[in-house]
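Here is a friendly set of notes to read beside the model. Take the points one at a time, and find each residue on the screen as you go.

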Amino acid sequence: MPASGPDRRLLSLAEDTEAPVDMRAFALAGIAKTAYDQEALTRLHSLSIDDKPSIAAAALESLWPGQLTLTEYLDRLPPRESWRYETKLEQFMELITPDNVDAALSWAVATLGEDTSKAVLAIGVLAQSVRLLTHPVPGAPGPSRQSISQGLLALAASDDLHTGDARTAIELVRHSLSADREARRLLASDVLHNGDQEHAQELVFSTETGLFPEDDLLYWAEGWLQLPTHARRAARWLFSNRPRPLDDTLRQAVEVARQADPELHQDTQWWDAPAPTWKLRQEEREREQRRLNTFDEEEFTRALAAVHTADRDQVRQAWIMVLGHLHRTRNGSRAKEITMLGAVATAPSCPPEGSALYADLVEAALHVLRTAPVWNSDHVEKWGTERHHVPELTAAVFVTDEKWEASVPTTEVARWTGWALAIATMTPVAGDEELHDRLFERCARRAGSAFEPALAACLDRLEPYRLTELIGFLHRLGAERPLALVCEWVADPTRPAESWTAVMTALTHFDGDASLPALQRVVAAGPAGDPDGRQRWISAVTALMSLTALPASWPHVRQALDADDVLFRDVIDRALLHTRPTAQSWPGIAALDEADLADLYTLLCRGEELRRPRPEHEVGVVYSHTTDETLHDLADLLARLVADKATPQAASHLARLAVSGTTHNPDWLRRLARRTAREAARKQSAPLPVHHLRKLAADHALRVITDEAQLLNVVMEALDHVQDALSGPNGMAILLWNRAASKDVGAMWPTWEEDFSDLVMGLLKIYLVDRRVVLNREVQVDRPGAGGGRTDIHIQAAVAHPQVEPLTVVIECKGCWNPGLSTALTTQLVDRYLRRPHTAGIFLVGFFDCELWDRQSRLRCSPKHTKEEIERHQHDQAAQHGLSVLARVLDCRPPGAQSMV
């Protein structure tokens with residue numbers, strides 16, 4: 001059957017070397033496994049030897065097993081790093097069955113002999129063959145034992161026996177051999193009888209394969225004389241490479257073999273020689289160590305007494321000696337301490353409760369708690385407090401709260417404060433956390449208000465990592481006052497940048513609300529000129545990335561990044577240092593609006609890494625994650641975050657980025673823009689209620705708005721009505737002109753910008769509020785700070801969701817004479833307002849022909865400009881931003897002057 005049309009197209013795609021590798025591999029995976037015609041077979045065979053491993057593997061999957069023998073399949077199978085992993089290798093080994101195992105073994109022997117890159121697969125074949133020998137399939141022929149022996153000898157001759165890449169496969173061989181002792185011994189016998197002495201000796205010497213385990217030593221010793229001479233020469237390393245056996249039965253069997261085999265006796269002659277001096281010293285040290293590790297009740301009793309008689313400066317050391325006795329054992333082995341505080345209560349030689357010895361232990365514990373020198377902040381090292389610094393804390397395990405307080409009354413505030421400080425600056429190990437927390441709460445409660453000053457006194461000397469652990473510990477216990485103290489401490493601008501970063505990062509992780517004000521202050525101040533200030537600012541920005549409050553500080557961030565290209569890369573490098581770019585790890589970035597995300601994407605694409613193509617990753621091949629790939633991931637994340645907004649503005653930004661010529665994946669951005677536009681349209685196409693439809697049918701001036709762009713269109717229509725009101729024979733534009741009360745009745749000059757703004761606002765209220773041109777929205781038109789000379793107008797429409805900011809259009813009003821007319825659209829409208837979500841803008845210019853002014857009453861604007869020149873310049877300015885911003889010029893000349901044009 002010839003290959004179908006779709007399959008031929010898939011083959012053509014698979015052969016396209018310009019296409020991405022993963023797409024070519026997916027195309028091959030989609031080809032149906034049917035009877036191919038000769039042309040398709042030829043093309044698949046050619047692809048099966050492609051230099052891209054994933055392409056070759058996918059082509060082989062189409063040909064196997066119908067079109068290839070096992071040997072052909074194995075010869076063409078591309079080497080992969082993933083074969084080193086047990087799961088992948090196990091999947092491969094399942095291809096070896098009783099029907100093809102002999103052919104597979106022959107291939108494995110030849111492959112190991114050629115020392116190719118497929119040695120791992122050959123060893124996997126060997127492991128599966130041994131498995132089929134030790135676990136035969138009922139009714140199926142098993143593999144030849146002689147063939148497996150040849151495979152083991154080939155492995156011994158291969159350089160891959162001791163390589164790290166083959167470790168997993170050799171481990172599978174060892175597991176397979178350990179499953180059946182009898183089969184293993186027969187294979188080992190075949191190796192010794194039939195193999196080359198050097199290779200057989202290599203298998204004897206190597207423990208990785210598990211062919212000659214220590215458990216089989218007695219078997220070989222008892223059958224030693226039955227082995228031929230050449231086999232004994234290969235196997236003698238089983239004994240000569242080990243010390244004289246300690247087991248009586250094995251030692252006797254080996255002695256019989258030694259007496260009968262002069263060569264073995266010669267190789268093990270070193271057993272009979274006197275032990276060297278170093279060996280005797282080692283044995284003496286081991287005996288002494290066993291003696292020291294053996295619990296002695298009398299010595300323990302003396303150690304308890306020494307606690308009571310020790311000087312004040314030596315009482316801690318005396319208690320440490322008691323703890324050492326508790327961890328001794330009856331057989332001289334040293335017990336492993338699983339925890340640092342709680343282990344003493346479960347130590348192997350801890351006396352049972354109720355015994356006289358336990359009572360003596362409790363008395364010693366109370367004494368050390370009562371008499372140990374007071375610990376204070378001066379004693380805390382930069383890395384914190386270690387257990388051996390305050391060993392008396394382990395004594396608290398043996399006493400109740402009542403006995404502890406009776407021994408150390410609450411009036412000894414300094415002592416309780418020192419213990420609380422030591423516990424707070426100590427790292428608890430696994431298993432000790434509950435006891436650690438309980439001891440701290442007990443000590444801090446009795447220390448009271450004295451604990452905070454003591455903690456403040458040691459914050460300056462703690463290493464950054466210790467500060468991080470301290471904040472985590474205090475947060476876990478809900479210690480609000482100490483945490484507030486740390487916040488006050490870190491607010492000091494003189495703190496080292498590393499310590500500041502550690503504290504703020506930890507505070508942000510555990511309680512973003514607590515760290516937010518400090519972060520915002522640092523970001524608003526901008527990066528200082530000194531390295532510490534710059535580092536602190538970068539740390540603050542990266543910390544804000546994990547807080548949804550980032551958009552409020554983003555204008556400050558963007559302003560700093562505009563001024564310093566290197567600063568942007570430093571921020572990105574710091575942000576990517578420990579965190580992969582995801583919306584979950586950076587909720588602050590995800591909270592930015594479409595315009596800011598697109599702007600950040602543009603900044604990122606300036607880097608040279610994104611000018612290079614993304615490194616291709618083939619399926620099944622292990623790669624290390626490079627910086628280039630991480631930056632590509634970040635760029636893709638930003639684009640997806642824009643698309644997730646699912647608004648027309650998001651689609652517009654993506655479409656603009658796709659054609660900007662600076663992006664790293666324009667085709668993907670185009671597809672993403674189309675999907676986003678469809679999603680935005682779907683969200684906005686919710687059916688209207690019947691009563692709304694009736695209103696729309698009755699009044700064509702009504703509008704339904706769902707976002708700020710639609711509100712912007714409504715306001716632009718309203719400005720058309722404003723222009724109509726200003727124009728005409730009796731137009732209201734005359735209200736924007738001053739006229740002289742003198743004899744020269746024709747002398748006129750414009751009013752001020754505030755008057756222009758007031759008139760426009762009043763007219764907009766008529767059209768937007770009184771006439772209700774927006775359906776089912778509460779529209780507000782106002783001018784903030786009207787008494788202060790502000791010239792911007794805010795138009796807002798409420799949305800249905802109470803937690804979403806209202807839709808807003810900001811109108812910045814300017815007279816044509818304003819000296820900042822060429823830049824105000826950017827510096828005053830875009831930078832000040834349009835970084836906020838759901839906000840659009842209109843730059844509104846009132847055109848007053850300077851030739852009509854009375855120059856004696858007011859200086860004319862200069863240079864001269866026409867209404868068309870102003871419109872063209874402002875439209876160009878608005879188009880550069882890619883935001884929801886438009887420009888409009890209103891003709892404010894007197895009605896008579898307008899009619900003459």
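**Notes on the model**

1. Let us begin with Ala646, which counts as buried because its relative accessibility is 10%. Buried means under 20% relative accessible area, exposed means over 50%, and partly exposed lies in between (1.4 Å probe, protein chains only). Ala646 sits in the loop between α36 (627–644) and α37 (648–658). Helices (H or I, at least four residues) and strands (E, at least two) are DSSP runs, numbered from the N terminus. The phi of Ala646 is near 55 degrees, a positive value in a residue other than glycine. For background, most residues other than glycine have a negative phi.

2. A word on how to read the numbers. This is a predicted model, in which local features need pLDDT of at least 70 and side-chain atom pairs count only at pLDDT 80 or more, while totals for chains, interfaces and linings use all residues. Residues are numbered from 1 along each chain as its sequence is written, and side-chain values use heavy atoms, with hydrogens and water left out.

3. Now to another loop. Which contacts does the side chain of Asn100 make with the backbone? A polar atom of this side chain lies 3.2 Å from the backbone oxygen of Leu95, and the side chain also reaches the backbone nitrogen of Thr97 at 2.8 Å. A polar contact is a pair of N or O atoms within 3.5 Å; within protein, one must be able to donate a hydrogen and the other to accept it, and residues adjacent in sequence count only if both atoms are side-chain atoms. Asn100 is placed in the loop between α6 (86–93) and α7 (101–114). Its relative accessibility is 16%, so Asn100 counts as buried.

4. Thr394 gives a polar contact between two side chains. The partner is Trp319, and the contact is 3.0 Å. Thr394 belongs to helix α22 (residues 392–395) and is buried, with a relative accessible area of 1%.

5. Next come the aromatic rings. A search of the whole structure finds 13 aromatic pairs. The rings of Phe440 and Phe451 have centres 5.5 Å apart and planes at 75 degrees, so this pair is edge-to-face. Rings of Phe, Tyr and Trp (its six-membered ring) pair if their centres lie within 6.5 Å; planes under 30 degrees apart count as stacked, over 60 as edge-to-face and the rest as tilted. Phe440 lies in helix α25 (residues 433–447) and Phe451 in helix α26 (residues 451–459), so the pair ties together parts that are 11 residues apart in sequence. Both Phe440 and Phe451 are buried.

6. Phe440 has another ring partner. With Phe473 it forms an edge-to-face pair, 5.0 Å centre to centre and with 75 degrees between the planes. This pair links distant parts of the chain: Phe440 is in helix α25 and Phe473 in helix α27 (residues 464–477), 33 residues apart. Phe440 counts as buried at 4% relative accessibility, and Phe473 is buried at 5%.

7. Ring pairs link Trp737, Phe756, Trp817, Phe848 and Trp853 into a cluster. Elsewhere, Arg446 lies over the face of Trp416, at 5.1 Å from the ring centre. A charge sits over a ring if NZ of Lys or CZ of Arg is within 6 Å of the ring centre and within 35 degrees of the ring normal.

8. How do helix α31 (residues 531–544) and helix α33 (residues 565–575) cross, and at roughly what angle? Their axes come within 9 Å and cross at roughly 55 degrees, which makes α31 oblique to α33. Axes are lines fitted to C-alpha atoms, for helices over the stretch in contact, and angles run from 0 to 180 degrees between N-to-C directions. Angles under 35 degrees count as roughly parallel, over 145 as roughly antiparallel, 65 to 115 as roughly perpendicular and the rest as oblique.

9. Compare that with helix α32 (residues 550–563) and helix α35 (residues 594–604), whose axes come within 12 Å and cross at roughly 20 degrees. α32 and α35 are therefore roughly parallel to each other.

10. Finally, find Thr508 in helix α29. Thr508 is buried, with a relative accessible area of 6%. The C-alpha atoms of Thr508 and Ser546 are separated by 7.8 Å, although these residues are 38 residues apart along the chain.
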